[in-house]
Every structure is written in C-alpha cells, then in structure tokens.
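I wanted to get to know this structure by looking up its side-chain pairs and its cores. These are my notes.

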Amino acid sequence: MSKTEIVIYHSATGNTEKIAKQIASELNCDSLKINNNDNSNQSKLSAVSKIVKQIIQRNQFKADLKKIDLTPYSRIYIGSPCWFYTYTPPIEQFLKTTDYHNKEIIFFLTHGGGPRNTIEKFKANMTDGKYIGYMDFENVNKMTEENIKKEVNSKLNPFKP
C-alpha cells in the first residue's frame with residue numbers, strides 16, 4: 001500500500017465515493033470520507049434537500065478536520081461533488097482548517113452538467129499546498145463499474161509517477 005498518497009472526499013449520493021474508492025484502489029492507498037454520516041442510501045429528493053441546506057448554512061458542517069494527520073502523505077487527492085457550480089462545504093472546511101503544507105494536491109470532481117468555475121474556486125481557496133491538477137467525472141451515476149474503472153485509470157495516468 002502506498003503510504004505517500006491519500007484520497008480524501010465528500011460524497012452525498014455515492015457518485016464521488018465510487019470515484020474515490022476506484023482512485024484509492026488504483027493507487028493502492030489510504031482513503032478518508034469526510035461526511036457527517038453516510039448519505040448514500042437516501043432518496044435523491046432527501047439528498048438534494050440536504051445539499052441545499054448545507055449550502056445555505058455553509059459553516060454548519062460539523063467535523064473536526066484539524067485532527068486529520070497528513071504528515072505521512074506527500075500527495076492528497078481531494079474529491080467533491082459539484083453542487084451549484086462549487087465544491088461542498090465539507091471540502092471548503094477541509095481547505096480552510098487542515099494542515100496540508102508542502103503537499104501536492106489533485107482535485108477531482110463529480111457532476112452532471114459541468115463544473116464551470118469550480119476548479120478556479122478550489123485553487124483560490126487553497127491556503128497551502130501545491131496544486132498539481134484536477135480530474136473531472138461527469139454523469140458517474142450512469143456509468144457501469146467497468147466504465148468507472150476505465151475513466152479513473154485514464155484520468156489518473158497523467159498524475160502517476
């Protein structure tokens with residue numbers, strides 16, 4: 001197992017989690033989900049209402065991300081769904097409160113209609129670390145497991161040593 005890379009992600013409906021798990025599998029590395037609880041089994045309507053609530057109450061995400069020890073890792077893959085053309089409040093909290101000084105950062109995003117300027121917002125809110133690039137995954141909910149593997153492998157290849 002690679003002890004120099006970690007995949008950290010937030011997932012509300014399970015799409016980002018599918019990508020995160022595949023990236024971690026490809027890299028044979030650790031992964032960490034930063035949700036309050038597992039929302040992947042809830043109805044789409046329930047997930048959407050929770051998403052809207054989290055966006056409105058942007059600072060209400062309850063997790064102590066300062067306790068995450070990233071010292072063993074040199075590269076962090078950070079994943080988020082794209083909600084209304086931005087990444088999620090848990091990822092925002094991670095960027096603001098977690099010490100990722102001198103770490104290489106690769107962002108990955110899942111969405112159903114385009115990220116617009118989400119990547120630029122992500123880069124602008126990084127307080128530290130070295131931005132390496134991003135991977136964009138569209139309509140994960142319509143992909144087969146095999147297609148997810150192929151898509152992840154294809155997009156991950158440029159970042160492999």
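My entries go from charged pairs to rings and then to the cores.

**Ground rules.** I am working with a predicted model, where local features need pLDDT of at least 70, side-chain atom pairs count only at pLDDT 80 or more, and totals for chains, interfaces and linings use all residues. Residues are numbered from 1 along each chain as its sequence is written, and side-chain values use heavy atoms, with hydrogens and water left out.

**Salt bridges.** I started with salt bridges, meaning a side-chain nitrogen of Lys or Arg within 4 Å of a carboxyl oxygen of Asp or Glu. I got a count of eight.

I looked up lysine 33 and found a salt bridge to glutamate 17, with the closest N and O atoms 3.3 Å apart. This pair links distant parts of the chain: lysine 33 is in strand 2 (residues 29-33) and glutamate 17 in helix 1 (residues 15-27), 16 residues apart. Helices (H or I, at least four residues) and strands (E, at least two) are DSSP runs, numbered from the N terminus.

Are these two buried or exposed? I use buried for under 20% relative accessible area, exposed for over 50% and partly exposed for in between (1.4 Å probe, protein chains only). Glutamate 17 is buried at 13%, while lysine 33 is partly exposed at 22%. I also noted a network of salt bridges linking Glu17, Lys21 and Lys33.

Next I checked helix 3 (residues 89-97), where glutamate 92 and lysine 96 both lie, four residues apart, about one turn of the helix. Their salt bridge has its closest N and O atoms 3.5 Å apart, and glutamate 92 is buried at 12%.

Helix 5 (residues 145-156) holds both lysine 149 and glutamate 145, again four residues apart. Their side chains meet in a salt bridge at 4.0 Å, N to O. Here glutamate 145 is exposed at 60%, and lysine 149 is partly exposed at 33%.

**Rings.** How many aromatic pairs does a search of the whole structure find? I got five. Rings of Phe, Tyr and Trp (its six-membered ring) pair if their centres lie within 6.5 Å; planes under 30 degrees apart count as stacked, over 60 as edge-to-face and the rest as tilted.

Phenylalanine 94 and tyrosine 100 are stacked, 5.9 Å centre to centre with 10 degrees between the planes.

Phenylalanine 122 is buried at 0%, but tyrosine 131 is partly exposed at 25%. Ring pairs join Tyr87, Phe107, Phe122 and Tyr131 in a cluster.

**Cores.** A nonpolar core is a set of buried Ala, Val, Leu, Ile, Met, Phe, Trp, Tyr and Cys residues joined through side-chain atoms within 4.5 Å. The largest has 20 residues, and those with the most contacts inside it are Leu70, Ile78, Phe94, Leu95 and Phe122. Strand 1 (2-9), strand 3 (75-81), helix 3, strand 4 (104-111) and helix 4 (118-125) each supply at least two of its residues.

I followed up phenylalanine 122: leaving out residues up to four places away in sequence, its contacts (heavy atoms within 4.5 Å) include Ile78, Ile91, Leu95 and Ile105.

I found a second, separate core of 19 residues too, with Ile19, Ala24, Cys29 and Phe159 among them.
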